[in-house]
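Subject: Structure for you to look at, with notes on its pockets

Dear colleague,

I am handing over the structure below, and my notes on its pockets follow it.

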Amino acid sequence: MAEQTWHEARLIPTSGINGAEEQERRATSALLAVMTAVKEYGRGLVKPLGAPAGIIETYIEVPFIFGERKLYPDGLIRVSRGTKSWTALVEVKTGSNELATEQLENYLDIAREQSFDAVITISNEIPAVAGQHPTKVDKRKLRKVELHHLSWSQVLAEAVMQKEFRGVADPDQAWILGELIRYLEHDRSGAMDMDDMGESWTGVRDAVAAGTLRPNDKGIASVVARFDALLRFASLNLGKRLGTEVVPVLTRKELTDPALRAQALTQQLCANGQLSGAIRIPDTVGQLVVTADLRSGRVSCHVDLDAPRDGRPTTRVNWLVRQLKNAPETARVECFVAHSRGSSAAELLRTVRETPAVLVTDPAKDIRSFRVATSSTLGTKRGRGRGAFIDSVLAAIDSFYAEVLGDLKAWAAAPPKLRQASPEETEDIERTTPSSLASTDYSSQDGPAPADAAQATSTLPPEHNSLQDATASSGDLGQTDSPNESGDARPEAPDITW
């Protein structure tokens with residue numbers, strides 16, 4: 001038998017998984033075990049949930065008596081530090097299984113009775129807003145117990161970032177974390193990527209194309225929430241490969257009240273047939289804005305960046321074009337000038353490369369910013385694969401970062417340079433007067449000294465200079481010399497009245 005057909009032994013095998021129950025049990029056990037084995041990874045998962053830095057203990061299927069029933073949460077996490085401890089129950093779903101409200105409320109009651117701190121849920125559901133839970137529960141049950149949610153995409157992204165970018169101190173622990181990553185990336189693990197826009201997608205898409213969509217139509221809320229979830233999924237995927245935290249951009253009001261974001265997207269979809277959002281990538285020149293236009297069937301990405309503050313208008317355009325060496329020639333470049341609404345000019349990059357002046361409509365106006373945008377075909381299918389909405393949006397985001405945003409750098413003013421002395425100033429410095437006359441030393445604010453004046457000063461006899469110095473000295477003291485009766489040139493005694 002050829003070795004190519006042999007299967008390498010894995011710490012967490014995917015073989016032998018029969019049904020959703022076995023899938024959930026294996027995923028739960030693998031994740032919780034790795035959290036205790038790889039300290040950095042366990043700490044990275046529970047710290048944002050409010051757990052202290054300490055020793056992590058994990059258990060699976062811990063039994064609890066609830067009324068007349070015995071309930072088995074999928075797992076339990078306890079973090080101990082000194083005499084204090086933080087405990088959370090864990091409920092896990094894999095595949096397309098969704099969390100149940102009744103089950104979560106039962107676990108919240110158990111946590112309250114046991115004085116536990118939180119209930120953590122893990123599933124493939126991605127909430128529209130970070131911190132928001134995908135399942136609605138009675139808010140009264142959250143008074144003493146916190147409810148947190150992690151998507152499997154987030155769990156996987158955290159594992160990749162910890163291993164590949166942040167690092168694991170122990171090589172064996174790093175290998176263990178790599179085995180968890182291999183398992184979660186396997187199709188049979190049940191930790192799926194976002195692969196569906198929901199049952200309401202087709203009806204909403206067709207209503208947008210027909211121009212008959214209304215804000216109160218059934219299913220529009222689900223589509224809006226799925227689009228925001230797609231932006232979060234795209235951020236996790238991009239951050240996983242960049243090794244940094246990429247997040248969707250939301251206003252403070254939208255973070256406080258997620259309904260405002262859903263309302264704004266609903267109005268935009270009904271009015272223009274568009275869904276848009278932005279993601280923030282650290283150390284880039286601006287936000288990556290994504291717009292999916294269901295009417296035109298196009299998805300576009302753009303970024304706004306400030307123009308240089310000095311130089312001629314054409315020089316500023318050339319500064320931008322030099323950075324777009326990897327951008328496609330079909331990219332659109334827009335120019336914005338001071339004290340005007342909207343762009344003053346817009347051209348394809350191929351034209352701007354040949355003639356940068358096409359973006360300068362008025363040389364007297366100050367160019368303040370640029371916009372670089374690319375567009376591609378938008379898929380319409382609700383699932384994944386060729387012609388799918390999700391794949392077309394993800395591909396547009398990835399290509400825009402690789403070809404445009406990743407190459408752009410913000411303009412920075414050049415540092416000031418030292419002023420070089422002219423030959424005339426250098427000769428003057430060499431003819432500086434003696435150091436005893438420090439007050440007459442050359443200054444950068446003085447003009448060239450007259451040659452005849454310098455010569456006249458240098459040809460005075462020594463006696464004249466001494467007398468002049470003595471006179472200046474006595475004048476500084478405020479005294480006057482006059483002959484007395486004996487003819488001596490000395491100051492008279494002042495009159496003193498007792």
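By class, the second largest pocket is lined by 19 nonpolar, eleven polar and six charged residues, where Ala, Val, Leu, Ile, Met, Phe, Trp, Tyr, Cys and Pro count as nonpolar, Asp, Glu, Lys and Arg as charged, and the others, Gly among them, as polar. This is a predicted model, in which local features need pLDDT of at least 70 and side-chain atom pairs count only at pLDDT 80 or more, while totals for chains, interfaces and linings use all residues. Residues are numbered from 1 along each chain as its sequence is written, and side-chain values use heavy atoms, with hydrogens and water left out.

The second largest pocket has a volume of about 870 Å³. Of its 36 lining residues, those closest to its centre are Ala130, Gln154, Arg232, Leu236 and Glu245. A pocket here is an open set of points on a 1 Å grid over the protein atoms alone, where a 1.4 Å probe fits, with protein on both sides within 12 Å along at least five of seven lines, and lining residues have an atom within 4 Å of a point; grid points are joined across faces, edges and corners, and a volume is the space filled by probe spheres set on the points.

The largest pocket holds about 1,400 Å³ of space. Its lining has 37 residues, and Ile126, Pro127, His133, Pro134 and Ala225 are the closest to its centre. Because domain 1 (7-189) and domain 2 (199-407) both contribute to this lining, the largest pocket lies between them, the domain bounds coming from an automatic or database domain assignment.

Best wishes
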